[in-house]
Amino acid sequence: MAFTEQDFLIQEKWFNKPNNLVIKSVAPSNIALVKYWGKHGIQLPMNPSISFTLNKSQTQTTVYLTAVDKLSDKVSFKFYLDQKHQADFEPKIAGFFKKIQDFAPFITHFDWKIYSNNTFPHSSGIASSASGFAALSKIIIDLEKQLYPPKTATYYAHKTSFLARLGSGSASRSTAHPVMIWGHHPDIKQTSDLYAIVPDFEIHPVFKTYKDSIVLVEKGQKKVSSTVGHNLMNTHAFKNIRKQHAFEHVLQMTGYLKSGDIENFIKLTEAEALELHALMMTSSPNYLLMQPGTIKIIHKIRNLRKDTGLPVCFTLDAGANVHVLYPDEITRQLQQLLFSKIEFETIHDYV
Ligand code: PMV
């Protein structure tokens, strides 16, 4: 049975009140195969989504906690990225702490020094918010474990994803391996809008060796934030058809991942990427995140697949960079036939 919000409220009293603590965690990034696009309420998805966990792209976080002298309703904290104080990130983290306070009331009792670094380059096009909020949520759950009587492993796993979701929707899918589904789907057991789950079926071996290499078309900040894009879905002319597609696509994708149906996996993954961008191009106001380089690479991938039969495909995030997905066994061929011919920077990343 799925957990409710009530289940994540803490009823017990603290049994331990430490003065100083150091907690470390590591969390991966993820790439959606079927995209989450549109939200409602407090960070609830318009539709279910499914992703590959990117094991080699991680955020590593260490927090130094000190008991506060005087209790306040705000969490006292400072955030450091690569050892440097980063005030620009703090409003988003403050918002996260506020949203989770009812479910983790103990956080205001400490002063937090949060040190993070990413194992992927800053400009790689991989959003650090997913792995960053997942890493921080793991620490909060670790702290909860140290303060209160023990609960089940399932409770801790779901609550970690639940907290991460309140930081950034896609972060809910960055708390476990190798595939996560976020959003309730009537035909997929245990799924919930509140947190992501690892589906209970075995992934076909071919998808266990999948790789994701990112071709960098554009570095730096996105021109239109995901938050704006999600909000535009509320009044989108294609809202209902998008919802229907996403529910169908998640179910189809789980079938392909189970059976190892690469051909249909490729078709659906690319259709989802293009549908996401088509939604941006048809929202009101509309916008366009793809660049000429994006289209150029998409054509190269499709031509290469047609000419060689190699099972390579692309997906896109809310940006111009192209994620190239392929099984490990064709890495060398792709290095010669695709990556060496691409004039943009390629960051190798792994599922
Ligand atoms: O988690 P957010 O709010 O940054 O939204 C992410 C949306 C996409 O990356 C475009 C799709 C997804 O499911 O990750």
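Start with Glu-270. Glu-270 counts as buried, at 2% relative accessibility. Buried means under 20% relative accessible area, exposed means over 50%, and partly exposed is in between, with a 1.4 Å probe and protein chains only.

A word on the source. This is a predicted model, so local features need pLDDT of at least 70, side-chain atom pairs count only at pLDDT 80 or more, and totals for chains, interfaces and linings use all residues. Residues are numbered from 1 along each chain as its sequence is written, and side-chain values use heavy atoms, with hydrogens and water left out.

Which side chain meets Glu-270 in a salt bridge? Arg-305, at 2.7 Å from N to O. Arg-305 sits in helix H8 (residues 292-308) and Glu-270 in helix H7 (residues 262-281), 35 residues apart, so this pair links distant parts of the chain. By salt bridge I mean a side-chain nitrogen of Lys or Arg within 4 Å of a carboxyl oxygen of Asp or Glu. Helices (H or I, at least four residues) and strands (E, at least two) are DSSP runs, numbered from the N terminus.

The structure holds eleven salt bridges. One of them joins Lys-219 and Glu-345, with the closest N and O atoms 2.8 Å apart. Lys-219 is in the loop between strand S10 (210-216) and helix H5 (226-232), while Glu-345 is in strand S13 (residues 345-350), so the pair ties together parts 126 residues apart in sequence. Glu-345 is partly exposed, at 38%.

Next pair: Glu-343 and Lys-296, 2.8 Å from N to O. Glu-343 lies in the loop between helix H9 (331-337) and S13, and Lys-296 in helix H8, so parts 47 residues apart in sequence are tied together. Lys-296 is partly exposed, with 44% relative accessible area. There is also a network: salt bridges with shared partners join Arg-242, Glu-272 and Glu-275.

Now the ligand. How many residues surround the ligand? The count is 13, where near means a heavy atom within 4 Å. The closest are Tyr-36, Ser-170, Arg-173, His-230 and Asp-317.

Polar contacts next, meaning pairs of N or O atoms within 3.5 Å. The Ser-170 side chain has an N or O atom 2.6 Å from a ligand oxygen. For His-230, a polar side-chain atom lies 3.0 Å from a ligand oxygen. The protein buries 90% of the 380 Å² that the ligand exposes when taken alone. Those areas come from the Shrake-Rupley method with a 1.4 Å probe.

Definitions and conventions. A polar contact is a pair of N or O atoms within 3.5 Å; within protein, one must be able to donate a hydrogen and the other to accept it, and residues adjacent in sequence count only if both atoms are side-chain atoms.
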